[in-house]
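Thanks for making time this morning. I would like to walk you through the charged residues of one model, and through the contact between its chains.

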Amino acid sequence: MAHVPEDLHYSKDHEWVRVEGDTAVIGITDYAQHSLGDIVYVELPRVGDSFAAHDAFGSVESVKAVSEVYAPVSGEVIEVNESLQDEPEKVNSDPYGDGWMVRVRLLDPGEVDSLLTAAEYEDYIKKETE
Amino acid sequence: MTELSLKKTPLNEVHRRMGARMVEFGGWEMPVQYGGGTIEEHMRVRTRAGLFDVSHMGEIEVRGPDAIAFINRLTSNNVAKLVDGQAQYSTLTTPQGTVVDDLLVYRLAADHLMLVVNAATTDKDWHWIQQHKTDEKVELRNASDDFCQLAIQGPAALDVLQKLTKTALDEIKRYHFRAGEVGGVASLISRTGYTGEDGFEIYAPPDKAEHLWEQLLEAGRYGAPDGLLPCGLGARNTLRLEAAMPLYGHEIDETTTLLEAGLEWICKFDKGDFIGREALLKQKQEGVRRRLIGFEMIERGIARDGQEIVIDGQRCGRATSAGPAPYLKKNIGLGYVPVEHASEGRRIHIDVRGRLLAAQIVPTPFYKRPRR
């Protein structure tokens, strides 16, 4: 069963959000990395880029396929996990830690409330796998 | 295709039990990878050994005094060159010199051949072969349900398999086979494969598949860090791509000729007439317009199947198979380009989802196993 930490917010596209003050860290969930398989390439935006919620802001490539990563919330990128360039496998081994993708300044902090809670996300992936 | 109509190999339940992720492939439900993932499986085959269920492959038996002559008329390689216990890579060709399917032709006896064909094309091949039978004295049988097929591949494959059979495996040369017993199960043991490694393919009765699978895993110390590892179609594809072996429906199909695909080595013009010979001979004299090449990405980014190849600003070709090469740690691909550009070292670009990324044409195979 996929790991779903309590303290995060989740999107239906399988991204997680950790709110820290007026910023948020974004990555993909354990369920997502497991479905993708071995991740061999991660493409991320640049610091300074802005995106709206639901925009594709990057992509994750496994051996077999490419998946877009969608912004769960609107934000301006203030930090990018550059280490994923050389070690994309961190997304598999530690999706909520070393495998984080970007830190953004939240443009509309209220959007976080529309995301799923851990319990809601667990239900959501349970239904998806049925 | 709905899941209900998917065919299952005799090992379907075993794969699920072992934690495989199952996918549809050519009408079959097949394991794409097990728990450790495609890269681990790929690396284990290159360094030790992997075990594949390839029971989805089709088998067609051809028996009778005209078996060799008949199959020689339908295929491009020379069946008459085979001796008992030998196999050859070949193709079923159309009158245009394009490919109905690629296959292995096994000679069990002068009047008994077995054709091993791709899963997705088994029915098509079966009809094609029946349709092209004229007055030849042959009996045809679609024997696909009579066999399971397991492939054990990698530098340690021989040693693992030898534990289960009295047949002297080191006496079987590449592209040869023998009838023998593996773990007490009557089998055809063939020194062939689709990974670029040494290894064997074992044909056995389907009701013995699980017994064979389990004995092989035990003999290969499954679970040990360097033990025999079950491998799915994901690794099968990355392994064959590194070895630049064509995949039907990608590098070859009914729109590509043997010469364009670089398969002239299995195109035996001097063996007598065969379907497509005339068209191929004409193309050989006139020269091909495009050719299958291998490329390696220079810029960061991964090319994928079907993406366009751009040369000097012209969209002039397409990648037929492309992706990461786990052992080589490069991003590679195969594709067709106009013959005037098909030279090693040539700079090309691949349109990777709207971005033109630099690549260069390199010799194939990308990976060649070290001589041991």
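Let me begin with a definition: a salt bridge here is a side-chain nitrogen of Lys or Arg within 4 Å of a carboxyl oxygen of Asp or Glu. Please keep in mind that this is a predicted model, in which local features need pLDDT of at least 70 and side-chain atom pairs count only at pLDDT 80 or more, while totals for chains, interfaces and linings use all residues. Residues are numbered from 1 along each chain as its sequence is written, chains are lettered from A and ligands numbered from 1 in the order in which they are written, and side-chain values use heavy atoms, with hydrogens and water left out.

With that in place, the count between chain B and chain A is four salt bridges, and one of the pairs is B:Arg353 with A:Glu61, whose side chains meet at 3.2 Å, N to O. Between these chains there are also 12 residue pairs in polar contact, both at pLDDT 80 or more, where a polar contact is a pair of N or O atoms within 3.5 Å, and within protein one must be able to donate a hydrogen and the other to accept it, residues adjacent in sequence counting only if both atoms are side-chain atoms. On the side of chain B that touches chain A, the elements giving two or more residues are helix 2 (38–47) and helix 7 of chain B, with helices being DSSP runs of H or I of at least four residues and strands runs of E of at least two, numbered from the N terminus. Each chain brings 17 residues to the contact, contact meaning heavy atoms within 4.5 Å.

Helix 2 of chain B also holds B:Arg46, and that residue is buried, with a relative accessible area of 4%; buried means under 20%, exposed over 50% and partly exposed in between, using a 1.4 Å probe and protein chains only. What does the side chain of B:Arg46 meet there? A polar contact of 2.9 Å joins it to the side chain of B:Glu197, and one of its polar atoms lies 2.8 Å from the backbone oxygen of B:Thr195.

Turning to helix 7 of chain B, 10 of its 10 residues are buried. Among them is B:Arg236, which has no salt bridge, the nearest side chain of opposite charge, B:Glu201, being 4.8 Å away; here Lys and Arg count as positive and Asp and Glu as negative, while His and the chain ends are not counted. Leaving aside residues up to four places away in sequence, B:Arg236 touches B:Phe52, B:Val54, B:Met57 and B:Tyr194.

Finally, the structure holds 33 salt bridges over all chains. One of them joins B:Glu214 and B:Arg17 at 3.6 Å, N to O, and this pair links helix 6 (residues 209–219) with helix 1 (residues 12–17) of chain B, 197 residues apart. B:Glu214 is partly exposed at 40% relative accessible area, whereas B:Arg17, at 57%, counts as exposed. Another salt bridge, at 3.9 Å, N to O, brings together B:Arg48 and B:Asp226.
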